[in-house]
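What can we read from the strands, the helices and the ligand's surroundings?

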Amino acid sequence: MRIAEMREANVRRAYARWAGSYDMTFGRFAESSRMAAVAQLNLLPPGRVLEVGVGTGMSLPFYQPHLKVTGIDLSPEMLAKARARVARDKLSQVEAILEMDAAHLDFPDASFDAVAAMYVMTVVPDPAAVMAELARVCKPGGVVMVVNHFSQDHGLRGAVEKGMSRFSERLGWRPVFPVATVMGQMGLVLEEGVKLKPFGLFTLLRFRRSGPVARGQGLLDS
Ligand SMILES: C[S@@+](CC[C@H](N)C(=O)[O-])C[C@H]1O[C@@H](n2cnc3c(N)ncnc32)[C@H](O)[C@@H]1O
């Protein structure tokens, strides 16, 4: 099944609407998987982390101070919440919160030791372009972490996801989104894939960055 189209203007509109209630709704529901990803990142040696689609910054207080975190997002309303959190909680591990498109990252190649995208890949208009950018800005040997809901094509869950798919743009994410959509990116080698709480709905994928990747270098031929 084809994945639904997401237009940037609609994504912006959806998250302008969600920003006020996000933390108490999806943000809270997704908390344990987000925490599992941050716990893995905290095991890395000192270095720079990029969190793509940082949203309201719910993860930010949980990064250990040996990591220096930059968060980027497309939505000014979500970013305003993240900036307020950084100021309120005096989060010295946060280096910068920037408005930026994950498909066109304004960072040089190999800028970060780790790059994370949590609950973002189902949302972005061009997932392949985002995967290429995650690989490009990560240093060789670094970690790219993706946490997401990936759809099933069978069973009750698959049927529900297909039924919800036509509301993708209103929801601000794609219920139908096979894991294959984020696989095969040049320069990224999958090291681990684990299903996470609640109910195994989310999956954490940890990739290791291999050789150099130039801007725009896309999927491996299968
Ligand atoms: C479901 S929220 C996830 C927020 C956060 N990562 C979390 O763990 O709660 C998805 C976020 O991705 C952002 N987003 C969507 N498309 C984007 C893009 N092309 N570039 C950067 N951020 C994007 C949205 O604005 C939203 O804040």
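The model is predicted. Seven strands form an open sheet. Their order is E3-E2-E1-E4-E5-E7-E6, and the pairing is mixed. Which strands sit at the edges? They are E3, residues 94–99, and E6, residues 188–196. Each of them pairs on one side only. On average, neighbouring strands of the sheet are turned by 15° against each other, direction ignored.

Helix H5, residues 127–137, packs on this sheet. The helix touches E1, E4, E5, E6 and E7. Its direction makes about 145° with that of E5, the strand at 138–149.

## Two strand pairs

Start with E1 (residues 47–52) and E4 (residues 112–118). They pair in the parallel sense, over four bridges. Here Val52 stands opposite Ala117 in E4.

Now move to E6 and E7. These two strands run antiparallel, and eight bridges join them. Leu190 stands opposite Phe207 in E7. E6 and E7 form a hairpin with five residues between the strands. In this hairpin, Phe199 takes a positive phi near 60°.

## Around the ligand

How many residues surround the ligand? There are 19. The closest are Tyr22, Arg34, Gly53, Asp73 and Met118.

Asp73 has a polar side-chain atom 2.6 Å from an oxygen atom of the ligand. Leu74 and Met118 use their backbones instead. For Leu74, a backbone N or O atom lies 3.2 Å from a ligand nitrogen atom. For Met118, a backbone N or O atom lies 2.8 Å from a nitrogen atom of the ligand. The ligand on its own has 600 Å² of accessible area, and the protein covers 98% of that.

Is Met118 buried or exposed? Its relative accessibility is 5%, so Met118 counts as buried. Beyond residues up to four places away in sequence, Met118 touches Arg34, Ala37, Val38, Glu51, Val52, Gly53, Ser59, Tyr63 and Val147. Met118 and Ile97 are 21 residues apart along the chain, and their C-alpha atoms are separated by 16 Å.

Leu74 has another setting. Leu74 is found in the loop between strand E2 (67–73) and helix H4 (76–88). Leu74 counts as buried because its relative accessibility is 14%, and the cut-off for buried is under 20%. Leaving out residues up to four places away in sequence, Leu74 touches Glu8, Val11, Arg12, Glu99, Met100 and Asp101. Leu74 is 20 residues from Val54 in sequence. In space, the two are 9.2 Å apart, C-alpha to C-alpha.

## Asn42

Where is Asn42? Its place is in helix H3, which spans residues 31–42. Asn42 has 16% relative accessibility, so Asn42 counts as buried. What does Asn42 contact, leaving aside its neighbours within four places in sequence? The partners are Phe62, Tyr63, Gln64, His66 and Leu67.

Notes:
Residues numbered from 1 in each chain as written. Predicted model: local features only at pLDDT ≥ 70, side-chain atom pairs only at ≥ 80, totals over all residues. Heavy atoms only, no water. Pairing = 2+ DSSP bridges. Axes fitted to C-alpha atoms, helices over the stretch in contact; angles between N-to-C directions. Contact = heavy atoms within 4.5 Å. Near = heavy atom within 4 Å. Polar contact = N/O pair within 3.5 Å; in protein donor to acceptor, adjacent residues only side chain to side chain. Areas by Shrake-Rupley, 256 points an atom, 1.4 Å probe, with all protein chains shown as cover. Buried < 20%, exposed > 50% of the residue type's maximum accessible area, 1.4 Å probe, protein only.
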